[in-house]
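Thank you all for making the time this morning.

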Amino acid sequence: MTIDPGTLDRLLADAVGPDSAVAADLRALFLASATQHLAAMSQPSSPAAWREKALRLQGLAASFGLIELADQAAEAAASAPDAAMLDQLACSLADCRR
């Protein structure tokens, strides 16, 4: 499963305008927050901590309309800490950076 790299930019442009500095700020805030959640998931203190960060990532992705990333995060929240799942989430987030 991959994410269309332009999805985040299109969603933000639809919300606040294509040339808006607000869109750029929102994009940067989304990427920073999502990166922090993934970093926390890479060293969870417990399965509950993994689940909490995955759920936060799910909510963040959903709030930006990134349904595939939200679905992947939901799948992660329903599982135990898993390196392959973390890699999949990291790849999807990297797609959002393009």
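This is a predicted model: local features need pLDDT of at least 70, side-chain atom pairs count only at pLDDT 80 or more; totals for chains, interfaces and linings use all residues.

Residues are numbered from 1 along each chain as its sequence is written, and side-chain values use heavy atoms, with hydrogens and water left out.

Two packed helices are described by the angle between their axes and the distance between the axes. The helices here are DSSP runs (H or I, at least four residues), numbered from the N terminus, and the axes are lines fitted to C-alpha atoms over the stretch in contact, with angles running from 0 to 180 degrees between N-to-C directions.

Let me begin with helix H1, residues 7-16, and helix H2, residues 21-42, which pack at an angle of about 135° with their axes 9 Å apart. That makes H1 oblique to H2, given that angles under 35 degrees count as roughly parallel, over 145 as roughly antiparallel, 65 to 115 as roughly perpendicular and the rest as oblique. The crossing of H1 and H2 is right-handed, where right-handed means that the near helix is turned clockwise from the far one by less than a right angle, and left-handed means anticlockwise. On the H1 side the contact (heavy atoms within 4.5 Å) is made by Leu-8, Asp-9, Leu-12 and Val-16, and on the H2 side by Val-22, Ala-23, Leu-26, Arg-27 and Phe-30.

Next come H3 and H4, whose axes are 8 Å apart at an angle of about 165°. That makes H3 roughly antiparallel to H4, and H3 passes H4 in a left-handed crossing. The residues of this contact divide into 12 nonpolar, one polar and one charged; here Ala, Val, Leu, Ile, Met, Phe, Trp, Tyr, Cys and Pro count as nonpolar, Asp, Glu, Lys and Arg as charged, and the others, Gly among them, as polar.

H4 and H5 also pack at about 165°, with their axes 10 Å apart. That makes H4 roughly antiparallel to H5, and their crossing is left-handed. Their contact divides into five nonpolar, three polar and one charged residue.

Which residues of H5 are buried? They are Met-85, Leu-86, Leu-89, Ser-92, Leu-93, Asp-95 and Cys-96, where buried means under 20% relative accessible area, exposed over 50% and partly exposed in between, with a 1.4 Å probe and protein chains only. These buried residues pack against H1, H2, helix H3 (47-63) and helix H4 (67-77).

Ala-34 lies in helix H2 and is buried, with a relative accessible area of 0%. Leaving aside its neighbours within four places in sequence, Ala-34 is in contact with Leu-57, Leu-60 and Leu-93. Ala-70 lies in helix H4 and is buried as well, with a relative accessible area of 5%. With the neighbours within four places in sequence again set aside, Ala-70 touches Gln-58, Ala-61 and Ala-62. Ala-70 and Arg-56 are 14 residues apart in sequence, and their C-alpha atoms are 9.5 Å apart in space.

Methods: Helices (H or I, at least four residues) and strands (E, at least two) are DSSP runs, numbered from the N terminus.
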